[in-house]
Amino acid sequence: MGGRGGGARGRAGAGAGAPAAPRAPPPPRPPGTHSWTSRPCDLLTGAAPAEGFTLGSTTDSAPSDAREDIGENGARPLYQQTGCLADLKAPDGTFWKLSTTASVYEDTEPARHAYRVKEDLDRAHGRGPEKVHDAAYAIPADDQGRPGRTLLLWNGDLVLTVSAYAPHGSMEHDVQKDLERIVGNAARLTEDGLRDHDASSVAP
């Protein structure tokens, strides 16, 4: 896993289905191969976080040292982590928060195991999960009274967590759609920016 400075190659797009039909999960695609970057916030500049929202101040968090995970059967797979904390400005001038954390593993199986462990823990704590597709789910989030949404996905050697939070005093049902758009777009941009050019994506 070599480090590289991340340039934004992603774009936020959404497929449109028949209005009356339920949303079908995407077809299975080959897992992607991803690389660590020292500038994860750069990956979020390729498109607006959501319609009318703009990206404000950002802070990169990208320690270059590899970490050990606790894997299956006593294995200790290595992974590198990179993340971004960002302020977002909504069309009405209020400020929202966005954070991304990407863990790039040395192999696919340890990443799959880490994702399943997170999913099992969230289910055990009664936090859902709301399945987005077979390799991604969402849960409600809260930051000192700020309603939010967290999206977790697994793609090959990558486990990605994206969280967004609305301003204090927001009602969850009023901000839910914007939260969904923000975490979905940020996940696409981050996953695409970390992915090798010739690898396929299963980001939602």
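Pro 167 is found in the loop that runs between strand β8 (158-165) and helix α2 (172-194), where helices (H or I, at least four residues) and strands (E, at least two) are DSSP runs numbered from the N terminus. This is a predicted model, in which local features need pLDDT of at least 70 and side-chain atom pairs count only at pLDDT 80 or more, while totals for chains, interfaces and linings use all residues. Residues are numbered from 1 along each chain as its sequence is written, and side-chain values use heavy atoms, with hydrogens and water left out.

**Around Pro 167**

- Pro 167 is buried, with a relative accessible area of 13%; buried means under 20% relative accessible area, exposed means over 50%, and partly exposed lies in between (1.4 Å probe, protein chains only).
- Although Pro 167 and Trp 96 are 71 residues apart in sequence, their C-alpha atoms are 5.6 Å apart in space.
- When neighbours within four places in sequence are left aside, Pro 167 is in contact with Thr 94, Phe 95, Trp 96, Arg 146 and Pro 147, contact being heavy atoms within 4.5 Å.

**The disulfide**

- The structure holds 1 disulfide, a term for a pair of cysteine sulfur atoms within 2.5 Å.
- This disulfide joins Cys 41 to Cys 84, with an S to S distance of 2.0 Å, and the link is right-handed, with 105 degrees about the S-S bond.
- The pair links distant parts of the chain, since Cys 41 is in the segment before β1 (54-61) and Cys 84 is in strand β3 (residues 78-89), 43 residues apart.
- Both Cys 41 and Cys 84 are buried.

**Nonpolar cores**

- A nonpolar core is a set of buried Ala, Val, Leu, Ile, Met, Phe, Trp, Tyr and Cys residues joined through side-chain atoms within 4.5 Å.
- The largest such core has 30 residues, of which Phe 53, Trp 96, Leu 98, Leu 160, Val 162 and Ile 182 touch the most other members.
- At least two residues of this core are supplied by each of β3, β4 (95-105), β6 (136-143), β7 (146-155), β8 and α2, and the largest share, 7 residues, comes from α2.
- Apart from this core lies another, of 11 residues, among them Tyr 115, Tyr 137, Ile 139 and Val 159.

**Aromatic pairs**

- A pair of aromatic rings is described by the distance of the centres and the angle of the planes.
- Rings of Phe, Tyr and Trp (its six-membered ring) pair if their centres lie within 6.5 Å, and planes under 30 degrees apart count as stacked, over 60 as edge-to-face and the rest as tilted; by this rule the count comes to 3 aromatic pairs.
- The rings of Phe 53 and Trp 96 have centres 5.0 Å apart and planes at 85 degrees, so this pair is edge-to-face.
- Phe 53 lies in the segment before β1 and Trp 96 in strand β4, so the pair ties together parts that are 43 residues apart in sequence.
- Phe 53 counts as buried at 4% relative accessibility, and Trp 96 counts as buried at 5%.
- The rings of Tyr 115 and Tyr 137 have centres 5.6 Å apart and planes at 55 degrees, so this pair is tilted.
- Tyr 115 is in helix α1 (residues 108-124) and Tyr 137 is in strand β6, 22 residues apart.

**Glu 119**

- Glu 119 lies in helix α1 and is buried, with a relative accessible area of 5%.
- Not counting residues up to four places away in sequence, Glu 119 touches Pro 129, Lys 131 and Tyr 137.
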